[in-house]
Amino acid sequence: MTDHHIHIGQFNELYYDALEVFEAIEETGANYGIDEAHFSSTSSCRDDVELLKIEEETAYALSYSGKLKVRPYLWFVPSYADKNISVFSATRSFDYCGIKLHPAAQKWNFENPRHKKCMEEIFDWASQNKKPVLVHSGTIPDDLPARFSPFAIERPDSVLILAHSNPVKECAELVNTHKNIFCDTACIQKKNLEKLRSLVTDKEKILFGSDFPVTHYIATHSFERKYSLKEEYLLDCTIMP
């Protein structure tokens, strides 16, 4: 089984070393059949993010020598579009499993021609390579699923994964209506997961995603729990589709 939603890198004041994250997943996730992890770097949230630095982190992460298979997402940010960095050129360095977008953290302005063109190219890339675009979904205007679903609907060979399945009803409707739209379980509450299961017709389109180790940060900093990385991932694995 694949965990479709893993992070490495800088998250607020903490730095999550990729090899330590993968080791924790391998040692605890094996009990739940987790043998593959798709990751992106939260260092992409930094205001001064540079593609070269993210590539260095990715190269280090891919040096992992354990049994867990690890594959990178490229977290694409609006500042790349502002610098005229094309997704087609940015993805040449590695065999990326997909593109990650976080419109709640980084504002994509579709009134800006560069942003609109870039988003078209991201979904063109996904269509041509038959790979997913993992988009943080939520309830604020910037990250509503309806902002990004049209790009996937226009390109049936692309795949859109609505991370967090939020809001549940809207995500379920899109998943049920379009063959190339999926959702994941990252950071979803149990009551919302139950609702999602009841609404989605094809349960295989609900993908397991943990959002680890952001979950560890939330547990230790927001709730002041004393969890190790392995203890937190063990808990994350209890929320499965």
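Biologist: Is Arg71 buried, exposed or partly exposed?

Modeller: Happy to start there, with a word on the model itself. This is a predicted model, where local features need pLDDT of at least 70 and side-chain atom pairs count only at pLDDT 80 or more, while totals for chains, interfaces and linings use all residues. Residues are numbered from 1 along each chain as its sequence is written, and side-chain values use heavy atoms, with hydrogens and water left out. Buried means under 20% relative accessible area, exposed over 50%, and partly exposed in between (1.4 Å probe, protein chains only); Arg71 has 22% relative accessibility, so the residue counts as partly exposed.

Biologist: Which residue meets the side chain of Arg71 in a salt bridge?

Modeller: A salt bridge here is a side-chain nitrogen of Lys or Arg within 4 Å of a carboxyl oxygen of Asp or Glu. For Arg71 the N to O distance is 4.0 Å, and the partner is Asp95.

Biologist: How many residues apart are Asp95 and Arg71?

Modeller: Arg71 sits in strand β4 (residues 69-75), and Asp95 in the loop between α4 (87-90) and β5 (98-101). Helices (H or I, at least four residues) and strands (E, at least two) are DSSP runs, numbered from the N terminus. The pair links distant parts of the chain, and the separation is 24 residues.

Biologist: Which residues join Arg155 in one network of salt bridges?

Modeller: Arg155, which counts as buried at 11% relative accessibility, meets Asp124 in a salt bridge of 2.7 Å, N to O. Arg155 also forms a salt bridge with Glu154, with the closest N and O atoms 3.6 Å apart. Salt bridges that share partners join Arg155 into one network with Glu120, Asp124 and Glu154.

Biologist: Now to the strands: how many residues of β1 are buried?

Modeller: Strand β1 covers residues 2-11 and is mostly covered. Of its 10 residues, the number buried is nine.

Biologist: Do β1 and β3 run parallel or antiparallel?

Modeller: Two strands pair if DSSP finds at least two bridges between them. Five bridges join β1 to β3 (residues 36-41), and Ile6 stands opposite Phe39 in β3. The two strands run parallel.

Biologist: Which residue in the turn between β1 and β2 has a positive phi?

Modeller: Three bridges join β1 to β2 (residues 14-16), and these strands run antiparallel. Phe11 stands opposite Leu14 in β2. The strands form a hairpin with two residues between them, and the residue with a positive phi, about 55°, is Asn12.
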